[in-house]
Amino acid sequence: MGVAVPAAALILWEICSRLGIVSSRYFPAPTTVAWTLGDRLVAGDLGGDLLVTLTRLAFAFALAAVPAVLLGLLMGIARPVRDLVEPYLAFIFPVPKITLLPFLMIILGVGEPAFVLTGASSAFFQIVISTLAGVQTMDPRLLEVGRNYGAHGPRLFWKVILPAALPAIFTGLRLGLGLALVTLVAVEFIAAKSGLGHLVYRHWQMLSTPEMYAAFALVGGLGLVLTRGLRALQARVLTWQEDIGV
Amino acid sequence: MKAVGRWLAEHWITIGSPIVLLYVWEWASASGLLRAAFFPRPSTIVDHLRDLAVDGTLWGHAATTLVRIGWSFSLAAILGVAIGLAMGLWRRLREGLDPVFAVIYPIPSVLFLPLVSFLVPPGEIALVVTASVTSFFLIAFTTTHGVRQIDRLVVEAARHYGATGWRLFAAVLLPGALPFIFTGLRLGLGFALIVVVAVEIVSASRGLGALLWLSWQVLKVEDMYATFFVIALLGALLSYGLAALRARLLPWVPDAGDR
């Protein structure tokens, strides 16, 4: 049942496209797209641009994750830091991060640092907020038990607070990675001259639709692998707590 | 008066830090420590914001963006709640659509613009449909989850007392799923703003996203900051306003999607 509906939709599309019921110029048959995908992934631009997007994603995520988790933890345990940072967090978090791109481009110039930092910013805020929520929503009884048994300072942090916040941190990292991918692909679509997002844009402009759909499918596949893969990893590594992330 | 004093004593850092930051920024930019070409003084930004507001440019663009958000959110909300409810109620439908949704959902909405522009007339309609894609999935997901998490015991009890069909749906299932539906709508509205602005940056000549992008292209840096401020204000209004509304309308349950 799980694969029946997608398979039926693809077959219907194939038939409609082959018989000319829908314009094959705009909606090329799935087999044509698949063939293009396989062909260009090895020999052509698809593989290279996939690599470009993945590299940007890796840099953006690495740049965001470490400072975001540290800041989130610090905000969770030190009230003054939370008071200090919260207004900026509340101001920036609901803003579409893509709007930071033009600012970064005038400050850093049009290029990789601006693209990567825009992606990183969308992950950063999500991870800070999830980490902070993890510390704030931990069961206060755990803290008291820890204190009663003589844990305080660094010991309390390492043995009680951090393990309690870990599931939320992981959820934040997972959501952050997804957001970074979304933002990066949008940045590529808008401003960059390489990457999967740019491929979709270029092939749209040139109306080379099989390549456009192939790049589109690649983005979907990448997103699926990242979200599903991380979810599975989270379920495996943090078996003791249920994932509450949306 | 005493309450105000206590409130200030508790929140002075939160209130004070943005004020201090703005003053430092103003001073650093005026004295040349920060390059005014990149970081114009906040007071100049406010001047530009006022100019944009007075000559009506800002309101025109803001109204365009708001109308687009309204349309794409409505589209996403109606379809998302309807399909989400149907998926929550019928297992076969859920199992059939789940894999399709799983593949499409992580794709950034902006990428749907080419696809959508093949399907519907390009321009305004394509923009609105594109902007509703991500919100639709979010709302459909949370609604489905909302129906599925209803306590089996409650449904059994309702059946036992003779509630079936429409009654069961309207008196038990819908109220049970409502908190989740609301969470989905709140998240969906936030995403509608994000995607509308992103699509405006890509393809529109009007709207706040377009204003930001055009200001960048002609390097009107002050206008960029002013537009950014308005977009941020809109985002805050939508997300915190809706959270407050939920607390009022559905006070009996905590927000399922609270961060």
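This is a predicted model: local features need pLDDT of at least 70, side-chain atom pairs count only at pLDDT 80 or more; totals for chains, interfaces and linings use all residues.
Local features need pLDDT of at least 70 and side-chain atom pairs count only at pLDDT 80 or more, while totals for chains, interfaces and linings use all residues. Residues are numbered from 1 along each chain as its sequence is written, and chains are lettered from A in the order in which they are written.

**View 1. The contact between chain A and chain B.** Chain A gives 42 residues and chain B gives 44 (in contact: C-beta atoms, placed from the backbone, within 7 Å). On the side of chain A that touches chain B, several helices supply at least two residues each, including α1 (4-19), α6 (112-136) and α8 (154-190) (helices: DSSP runs of H or I, at least four residues, numbered from the N terminus). α10(A) gives the most, with 7 residues. By class, this side of chain A has 32 nonpolar, 8 polar and 2 charged residues (nonpolar: Ala, Val, Leu, Ile, Met, Phe, Trp, Tyr, Cys and Pro; charged: Asp, Glu, Lys and Arg; polar: the others, Gly among them).

**View 2. A:P102 in helix α5 of chain A.** A:P102 counts as buried because it has 25 C-beta neighbours inside 10 Å (buried: 20 or more other C-beta atoms within 10 Å of its own). Leaving aside neighbours within four places in sequence, A:P102 contacts B:L212, B:W213, B:W216 and B:M224. A:A114 lies 12 residues from A:P102 in sequence and 8.5 Å away, C-alpha to C-alpha.

**View 3. The two domains of chain B.** Domain 1 covers 1-39 and domain 2 covers 40-249 (bounds from an automatic or database domain assignment). Their centres, taken over C-alpha atoms, are 33 Å apart. The contact takes 9 residues from domain 1 of chain B and 5 from domain 2 of chain B. The domain 1 side divides into 7 nonpolar, 1 polar and 1 charged.

Technical notes:
Two residues are in contact if their C-beta atoms, placed from the backbone, lie within 7 Å. A residue is buried if 20 or more other C-beta atoms lie within 10 Å of its own, exposed if 12 or fewer, and partly exposed in between; C-beta atoms are placed from the backbone.
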